[in-house]
Amino acid sequence: MARRFPWVWVGSAILLTILMFAGLAWHVRSTFEVGREVAESYVASDRLRDLMTELQQQLATTAILLIATHDPTWKVRHMEVESKLQQALRETIADSESGYNQAALVQARDAISELSRLEAEATSLAEWGEVNEALALLSGDEYRELQRRFLAASQLFIDDHRGFLNDRLALQAEREVQSIGVAFLILLLSLAIWLALVRRLRRWGAALDRESVIRRQLEAELLQSQKMEAVGRLASGIAHDFRNLLTAIRGYVTLARDRIPSLHPARHALGRVEEAADQAEGVIRGLLTFGRRSVAEKQAVDTEELITRAAAWVQRMVPAKVQLDTLVQKDEDGLWVLADPVQLQQVLLNLVVNACDAMPGGGRVEIAAQRSVIGTDPVVTISVRDTGHGMSEEVAARALEPFFTTKSASEGTGLGLSMAHGIVTQHDGNLSIDSTPGVGTTVSIRLPAIPAPLASDSTMPDIGGDIGEPGHVLLLEPHDYVRQIMAAALEAAGYTVAALASTADLLGQLRDEQNLPVLVVLNADLPGSENESPVHWLRSVGYRGPVLLVSGGPETEAADMTDDRVMLLPKPVSMAQLKRLALRMTRTDPERKQVI
Amino acid sequence: MNKPISVLLADDHTLVREMLVERLDSEADIEVVASVSDAGEALQAATEKKPQVLLLDIDMPGRSPFEVAAEIRKSLPSSRVIFLSAHMNDQYIEQALECEAAGYLTKDEPTARLIDAIRAVARGSTHFSSAVSERIVIDEHGAHLSRDHLTRLKLLTQRELEVLGHLAQGLPKKTIARLMGISVKTVEKHCDHVMEKLDIHDRVQLARFAIREGLSQP
């Protein structure tokens with residue numbers, strides 16, 4: 001699992017959160033601004049109305065005082081007030097952005113103009129001495145009607161302006177709802193991102209926990225394997241010294257036996273010494289197997305067949321009270337492993353014996369096998385399960401150590417499980433113990449699975465059958481050591497072998513009519529045979545029998561392929577193969593048919 | 001009577017050494033000319049006594065017995081070495097083959113077998129246990145221990161491999177002959193040899209083998 005920190009997620013979550021708070025702050029500020037502007041505008045419009053009303057009253061008052069007193073100061077004052085009022089109205093009308101009702105203001109201005117016109121008319125009547133008419137004009141219906149119109153226009157202006165301000169407040173409230181909605185959405189989005197982030201971090205945490213558990217397990221396994229390795233080395237060392245002593249004991253027993261008469265009473269004692277030495281030898285083999293110092297002969301083994309054979313074999317050792325079952329889960333790929341079948345049978349025997357010992361009152365032992373895949377590697381798991389008394393955790397932890405046993409000294413050496421562990425490790429496998437006190441124990445062996453081999457590759461233990469009919473073989477090989485080894489292999493196959501180093505020697509042997517060879521094994525790269533193929537040479541000197549030509553290079557191939565009884569064997573050649581092919585070439589088997 | 005086989009024995013375990021000397025000397029045709037407790041002494045004694053057979057224990061302190069065996073092979077070509085060890089070990093066997101040892105025996109084998117081995121080696125043969133000898137492989141460089149004893153493909157020549165590849169693809173022999181520029185008879189002979197060497201006598205099995213070994217695509 002890739003674990004890159006999700007910077008993009010964290011970044012977007014932080015950005016959204018900042019955006020949300022910034023939006024909210026802007027909104028609060030704008031609401032405050034609008035509120036302040038509305039409040040100021042309220043006050044300003046009230047002041048304007050009051051000013052206009054006051055100026056209009058001052059106009060009427062100054063006009064009446066001018067008519068009554070004829071004092072020119074009132075005229076000047078009257079004109080000042082009038083111009084002030086006109087200017088205030090002009091300015092207010094010109095301020096289109098303040099949202100004032102201009103129609104109402106125009107009505108007010110018109111009313112003021114009409115009032116001014118009547119006041120001017122009254123003033124000029126007073127100048128003509130018609131004071132009463134002048135005063136009657138200023139208190140007449142027309143003048144009052146114009147005053148009423150002015151006041152109504154002023155009130156309309158104020159009402160409209162308040163309406164405008166109320167609208168503005170309502171708009172702001174609407175905006176407030178919108179911006180709170182957007183902020184809420186942003187909040188939801190950032191919450192979702194934070195939640196996703198928290199979930200991911202939790203998953204990481206869980207994965208880290210799992211990893212740390214696995215790491216601790218691996219460390220424990222490593223420690224255990226180091227311990228087993230050290231114990232294995234110790235076991236090998238002990239076995240080595242012990243075997244030397246046993247060699248001496250057995251040798252001296254043989255010497256002693258050779259030197260005393262056949263009826264001497266000490267012969268029996270010597271026999272017992274030898275038996276004891278043989279038993280001790282068994283212990284040493286176990287130790288060496290545990291210490292992985294013995295040689296495993298690995299081959300393709302069908303675990304199903306192995307279990308069937310092993311079960312039949314161990315059945316005799318299983319007490320009557322114990323039921324032995326096998327359970328093989330067949331698989332279309334087969335249950336094949338690369339192993340030493342003898343060693344694997346030894347492992348099964350040890351495990352079954354242990355299982356039986358764990359059930360003194362009887363029970364059930366099951367040997368099972370199944371194929372599975374761990375990671376990408378196919379494995380075959382063989383398990384031996386018992387319903388015995390089980391092991392405590394402490395016992396299970398030490399069960400693989402050599403000489404560790406819970407049995408009495410006469411019952412067990414404490415090598416069974418450690419040997420099994422040694423063998424399984426040598427086969428690139430592993431052995432695990434799962435035990436519950438009072439319930440039982442399962443020992444599982446896991447080995448790498450291999451593809452099912454061809455029928456002819458399967459080589460379960462097969463005793464005999466490799467010895468050919470006696471015959472004389474001529475072996476020509478210039479390399480001394482290689483010749484000796486090949487000769488020994490052919491002798492082991494049952495032939496008498498004349499091991500020769502030169503073509504002259506070979507010629508001499510071929511002329512010995514008393515001892516005609518059944519096969520000639522020849523090094524194809526023999527010095528001095530560059531001009532003529534060794535097979536041509538053999539045929540030219542009269543030998544017509546089979547020839548096994550062992551060659552280091554391909555040059556010889558074409559030349560000798562015309563001869564029916566010649567087989568070319570390229571190096572490297574194992575001695576097992578040499579034996580097998582020699583036996584095939586010298587065996588006449590009319591029943592074997594070739595299908596191709 | 002023939003001259004007895006002269007044997008030099010080197011083992012650091014006194015008990016074992018003395019027992020072996022006594023046991024070997026009890027054979028009429030064997031004479032222990034020297035018994036020493038390490039490989040260095042064995043080299044000195046061998047130079048002096050020129051024994052036919054040297055029995056060298058592998059696990060001795062001091063000089064490596066393999067080194068000493070290699071030196072003896074050079075300086076005393078007529079003396080032959082049999083290694084003795086408390087156990088079988090691939091690495092030891094490999095080294096023994098490298099210095100062209102005449103044999104390798106473990107100490108759990110009866111001394112009678114050791115005596116047989118001494119006689120065989122004195123005759124010019126070699127003596128390895130059958131489990132070991134079957135795994136010995138010879139190639140251009142001499143003898144060594146095989147670690148991949150399951151591969152039979154190595155038994156086939158280049159031409160045979162080619163024929164096997166074609167056969168596994170289901171080509172008839174005539175076509176194979178034309179493809180390879182050889183006669184049908186030669187193709188048949190190659191087929192026979194392939195089957196003999198692989199010990200497979202049916203075409204389906206042969207195809208499976210070729211696929212498994214990567215010679216042909218399924």
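Before I start, one definition: I'll call a residue buried if 20 or more other C-beta atoms lie within 10 Å of its own, with C-beta atoms placed from the backbone. Please also keep in mind that this is a predicted model.

With that in hand, let's look at helix α10 of chain A, residues 416-426. Nine of its 11 residues are buried, so by that definition the helix is mostly covered. The buried ones are G416(A), L417(A), S418(A), M419(A), A420(A), H421(A), G422(A), I423(A) and V424(A). After α10(A) comes D428(A), which has a positive phi, near 60°. Hold on to I423(A) for a moment, as I'll return to that residue when we get to the cores.

Next, please find strand β11 of chain A, residues 547-551. Here five of five residues are buried. Which residues of β11(A) lie on each side? V547(A), L549(A) and S551(A) are on one side, L548(A) and V550(A) are on the other, and all are buried, leaving both faces covered.

What does β11(A) pair with? Strand β10(A), residues 519-523, runs parallel to β11(A) and is joined to it by four bridges. Within that pairing, V520(A) stands opposite V547(A). β11(A) also pairs with β12(A), again in the parallel sense, over five bridges. There, S551(A) has P570(A) as its bridge partner.

Now to the cores. As a general reminder, nonpolar side chains in soluble globular proteins tend to be buried together. In this model the largest nonpolar core has 107 residues, and those with the most contacts inside it are L475(A), L548(A), L549(A), A582(A), L56(B) and I82(B).

Let's move to where the chains meet. The contact takes 52 residues from chain A and 59 from chain B. On the chain A side, the elements giving two or more residues are α5 (141-259), α6 (266-290), α11 (480-492), β12 (566-570), β13 (573-574) and α15 (575-586). Which of these gives the largest share? That is α5(A), with 12 residues. By class, the chain A side has 31 nonpolar, 13 polar and eight charged residues.

There is strand pairing between the chains as well. β13(A) and strand β7(B), residues 136-139, pair in the antiparallel sense over two bridges. If you'd like one pair to click on, the bridge partner of S574(A) in β7(B) is V137(B).

While we're on α5(A), have a look at L151(A), which is in that helix.

Of the contacts in chain B with a separation of 6 or more, 61% are between residues 24 or more positions apart.

Six strands of chain B form an open sheet with parallel pairing, in the order β2-β1-β3-β4-β5-β6. The edges are β2(B), residues 30-36, and β6(B), residues 127-128, each pairing on one side only. β1(B), residues 5-10, pairs with β2(B) over six bridges, and one bridge links S6(B) with E31(B).

Last stop: two helices of chain B. At what angle do α7(B), residues 158-168, and α9(B), residues 184-198, pack? The angle is about 90°, and their axes are 9 Å apart. α7(B) and α9(B) are therefore roughly perpendicular to each other. From α7(B), the residues involved are R159(B), E160(B), V163(B), L164(B) and L167(B), and they meet V187(B), H190(B), C191(B), H193(B) and V194(B) of α9(B). By class, that contact has six nonpolar, two polar and two charged residues.

Thanks, everyone!

Technical notes
Residues numbered from 1 in each chain as written. Chains lettered and ligands numbered in written order. Predicted model: local features only at pLDDT ≥ 70, side-chain atom pairs only at ≥ 80, totals over all residues. Buried ≥ 20, exposed ≤ 12 C-beta atoms within 10 Å, placed from the backbone. Pairing = 2+ DSSP bridges. Contact = placed C-beta atoms within 7 Å. Nonpolar A, V, L, I, M, F, W, Y, C, P; charged D, E, K, R; others polar. Core = buried A, V, L, I, M, F, W, Y, C linked by C-beta atoms within 7 Å. Axes fitted to C-alpha atoms, helices over the stretch in contact; angles between N-to-C directions. Parallel < 35°, antiparallel > 145°, perpendicular 65-115°, else oblique.
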